[in-house]
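Dear colleague,

Please find below the structure that I am handing over to you. The findings follow directly after it.

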Amino acid sequence: MKLKKGVVGLVAMTLLLSGTGCSQSATYKAGTYTGTGQGKDGPVKVQVTVDKNKIKAVKVLSIQDNKQLAASATKQITKEIVKQQTTKVDVVSGATHSSKGIIEAAKKALKKAGASDAQLNKTAKKQAVKAKSTKTDVVVVGAGAAGTAAALAARQQGVKVVLMEKTASPMGAGTLAGGMFAADSAQQKAAHKTVSKKWLYDKYLDASQGYMNGVLVRRIIDQSGPTVDWLNKNGADMKLVDAGTGGSYAHQGDPATLHGYQKGGTVAIKTLINKFKAEGGKVYFKTPAKKLLTNQHHKVTGVVGTTATGAKITVHAKKVIIATGGYGGNQKMLNRYLGKPNTKGQVLQNKGDGIKMAWSVGAGKEGTDTTHYFWETFTNAGVKKMTQLVGDKYYMLNTFTAYPNLRVNTQGQRFSNETDTTLYARHGAEIAAQPKQTEYVIFDKGMLDKIKAKGTVAIEDQFGKWKHNPQFFMEFNEPSSTKTSIKQENTPVDFAPLLNKLTGTGVVFKSDSIDGLANQMGINQAAFTKSVNQYNGAIKQGKDKLFFANTKRLIKVKQGPYYAVKFVARNLGTLGGVRINDQIQATKTNGTAIPNLYVAGADAGGMYGKIYVDFEGGTLGFAYTSGRLAGLNAAKSIK
Ligand SMILES: Cc1cc2nc3c(=O)[nH]c(=O)nc-3n(C[C@H](O)[C@H](O)[C@H](O)COP(=O)(O)OP(=O)(O)OC[C@H]3O[C@@H](n4cnc5c(N)ncnc54)[C@H](O)[C@@H]3O)c2cc1C
């Protein structure tokens with residue numbers, strides 16, 4: 001699990017389609033123009049080509065957002081602007097920020113070409129659409145990790161299956177993850193690296209402090225090995241890797257649980273969907289489900305959604321499996337169930353649709369306040385300012401999240417054992433518990449000098465263990481390789497110029513004195529000085545009376561200039577909502593199963609208390625395993 005994101009330097013898509021909008025009213029100065037907008041992770045540059053009355057082509061020249069999201073938004077938005085002859089086009093579900101960046105940039109370019117506001121904002125003509133109705137045995141909502149596994153497993157039982165997905169192509173959390181945990185997989189057995197089921201169960205128990213569905217947890221652990229074996233048989237391509245290889249230094253020495261994607265989550269899920277289609281399954285993309293159908297006996301009998309053309313689609317089915325990935329993209333639900341402040345999840349189209357649908361037919365609530373706080377990230381405002389100054393190089397600041405530097409909150413207080421900061425779930429939760437969910441990582445010139453001379457290996461050798469035993473998997477659809485990490489940690493880097501450029505952005509702070517640094521950060525000077533003194537004192541005495549940290553690993557703050565980098569809690573997405581049983585059936589609060597309804601993956605509660613587990617692959621493992629079981633159980637209950 002690395003703090004990394006997919007950055008794409010240049011995604012370009014030129015389209016020369018004939019427009020269908022009312023181009024006769026438009027007047028442009030013929031030519032080619034460029035404009036810039038703001039994407040999720042930096043500026044987006046777009047080029048438009050127009051003749052006197054038509055937008056002829058739109059091309060994205062550069063975009064820094066996650067590769068997959070950027071590609072999806074580029075393809076659809078450029079095509080729609082040309083087709084509709086307006087910039088008033090729908091954003092791509094799942095790639096909202098990238099879409100908005102492209103639209104904003106195209107607008108600016110068209111303005112240069114002389115377009116009026118009315119032209120830019122005219123509404124495209126909508127074509128009349130006809131409602132559709134279809135019948136199947138099982139309908140699955142959401143083609144993420146859980147839904148795809150559910151659909152394929154059900155289809156392989158010989159029943160008819162329809163899979164409905166909101167986005168145009170797979171882009172749920174399952175496509176971004178690094179891999180899944182399993183116990184007793186074929187690979188673990190072959191490598192003699194089996195993990196004890198008790199160890200796994202205790203991890204879930206520790207994280208939940210008893211607030212979990214023990215029967216469900218046991219079943220998921222038992223079925224995780226057969227699930228990864230089955231996924232691999234169907235082409236998912238996941239391989240066992242050692243614990244701690246993806247950046248969680250604190251996991252080193254733990255049992256190997258992670259079966260890491262070898263070609264990335266997007267390829268894996270696309271492969272599984274292709275297998276499903278090849279075996280006779282039916283997939284509807286761009287088709288969000290909106291509501292469950294029930295009969296006069298209150299039994300679930302299908303799903304109603306909207307197709308890509310805007311038509312209503314009714315899927316009558318004997319069994320429904322919901323797997324819409326939680327509510328991390330729904331600000332209202334986040335405010336209500338997590339409380340304020342909170343951070344949005346990373347998959348914005350996951351808006352709790354499936355959870356609300358299940359509740360609407362009487363399913364009980366469970367785990368509604370559980371979320372994936374996972375390490376830290378920057379504020380959106382900070383990213384905007386930093387990218388304007390240094391492009392995507394700001395991402396290098398994440399280096400400072402991986403070492404046991406002093407951390408303080410907005411009150412200037414030290415708040416955790418810093419040697420635990422590579423425990424992603426625990427440290428994510430620690431930050432989320434701070435005022436404004438904010439932490440400052442504090443370091444000094446002494447640390448920068450060491451990195452400049454020898455690389456971060458001079459601080460801690462976090463990957464050398466794999467020098468002769470390289471490990472590899474893909475997370476965020478990008479390689480996570482110990483070979484590369486070893487090279488990186490041994491490469492001297494002078495961070496000072498980058499930090500100097502970013503001082504003043506509200507993310508990086510610098511001063512020659514501790515008092516001065518507190519002033520720059522806008523935090524209480526006395527409290528901050530006390531924290532620095534306590535921390536330095538603990539290192540000197542070899543004993544940390546406050547948080548019991550191993551003082552040998554702590555990094556002194558003693559030589560100016562001093563620096564602080566501001567981070568906020570990072571939320572990958574929520575992890576609960578609907579009460580289920582160990583057969584993955586949705587249940588009422590009293591435990592009675594809701595007839596014909598299954599809920600899998602991040603829509604389902606019961607695996608976690610408030611935070612998720614700190615071993616690798618815990619949540620993706622649950623998603624795939626609960627999805628597969630839901631598919632098998634639904635299909636078997638029909639036959
Ligand atoms: C960046 C990132 C990295 C991660 N890394 C890891 C990791 O390494 N290991 C790990 O264990 N876990 C990891 N996770 C968590 C893991 O990916 C999720 O727990 C898991 O994917 C959840 O699976 P799911 O099927 O419930 O949701 P998803 O995979 O998100 O799928 C939900 C699907 O439902 C669709 N949908 C939403 N609403 C509707 C609707 N109304 N109609 C139709 N379709 C709809 C969405 O578009 C999406 O395709 C990571 C998560 C993120 C965001």
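Two residues are treated as in contact if their C-beta atoms, placed from the backbone, lie within 7 Å. Helices (H or I, at least four residues) and strands (E, at least two) are DSSP runs, numbered from the N terminus. With these terms, the buried residues of helix 17 pack against strand 16 (438–444), strand 19 (508–511), helix 18 (525–541) and strand 20 (562–574).

Please note that this is a predicted model: local features need pLDDT of at least 70, side-chain atom pairs count only at pLDDT 80 or more, and totals for chains, interfaces and linings use all residues. Residues are numbered from 1 along each chain as its sequence is written.

Confidence

The pLDDT is the predictor's confidence in each residue, from 0 to 100. The protein chain has an average pLDDT of 93, and 95% of the residues score at least 70. Over residues 1–24, however, pLDDT stays under 50; for this stretch the model has 77 contacts beyond four places in sequence.

A residue is buried if 20 or more other C-beta atoms lie within 10 Å of its own, exposed if 12 or fewer, and partly exposed in between; the C-beta atoms are placed from the backbone. In helix 17 (residues 514–521), the buried residues are I514, L517, A518 and M521. Seen down the axis of helix 17, these residues fall within an arc of 100 degrees, so they line one face of the helix. The arc is that of the directions from the helix axis to the C-beta atoms. After helix 17 comes G522, with a positive phi near 75 degrees.

Helix 13 (residues 424–432) is largely enclosed by the rest of the structure, because 8 of its 9 residues are buried. The buried residues are Y424, A425, H427, G428, A429, E430, I431 and A432. Their cover includes strand 14 (371–377), strand 16 and strand 20.

Domains and cores

Domain bounds come from an automatic or database domain assignment. For the protein chain, that assignment gives domain 1 (23–120), domain 2 (132–370 + 575–638) and domain 3 (374–455 + 492–570). Between domain 2 and domain 3, the C-alpha centres lie 36 Å apart. Their contact takes 10 residues from domain 2 and 13 residues from domain 3. On the side of domain 2 that touches domain 3, the residues divide into 6 nonpolar, 3 polar and 1 charged. Here Ala, Val, Leu, Ile, Met, Phe, Trp, Tyr, Cys and Pro count as nonpolar, Asp, Glu, Lys and Arg as charged, and the others, Gly among them, as polar.

A nonpolar core is a set of buried Ala, Val, Leu, Ile, Met, Phe, Trp, Tyr and Cys residues joined through C-beta atoms within 7 Å. The largest such core has 155 residues, and A150 and I321 have the most contacts inside it. Helix 19 (residues 618–638) contributes the largest share of this core, 9 residues. At least three residues of the core come from each of domain 2 and domain 3. Another core, of 29 residues, lies apart from it and includes V46, I81, V82 and A113.

Beyond four places in sequence, A150 touches V140, I321, A323, A600, G627, R628, A630 and G631.

Individual residues

L258 is placed in strand 8 (residues 258–261) and counts as buried, with 31 C-beta neighbours inside 10 Å. Not counting residues up to four places away in sequence, L258 touches G178, G179, F181, V241, A243, E616 and G617. L258 and Y624 are 366 residues apart in sequence and 13 Å apart in space, C-alpha to C-alpha.

T32, in strand 1 (residues 31–38), is partly exposed, with 14 other C-beta atoms within 10 Å. Leaving aside neighbours within four places in sequence, T32 is in contact with Q47 and T49.

Backbone geometry

Most residues other than glycine have a negative phi, and most peptide bonds are trans. The peptide bond from K340 to P341 is cis, with omega near -5 degrees; P341 is in the loop between helix 10 (331–337) and helix 11 (353–360). A cis bond also runs from G560 to P561, with omega near 0 degrees, and P561 is in the loop between helix 18 and strand 20.

D184, although not a glycine, has a positive phi of about 60 degrees. D184 lies in the loop between strand 6 (179–181) and helix 6 (186–190).
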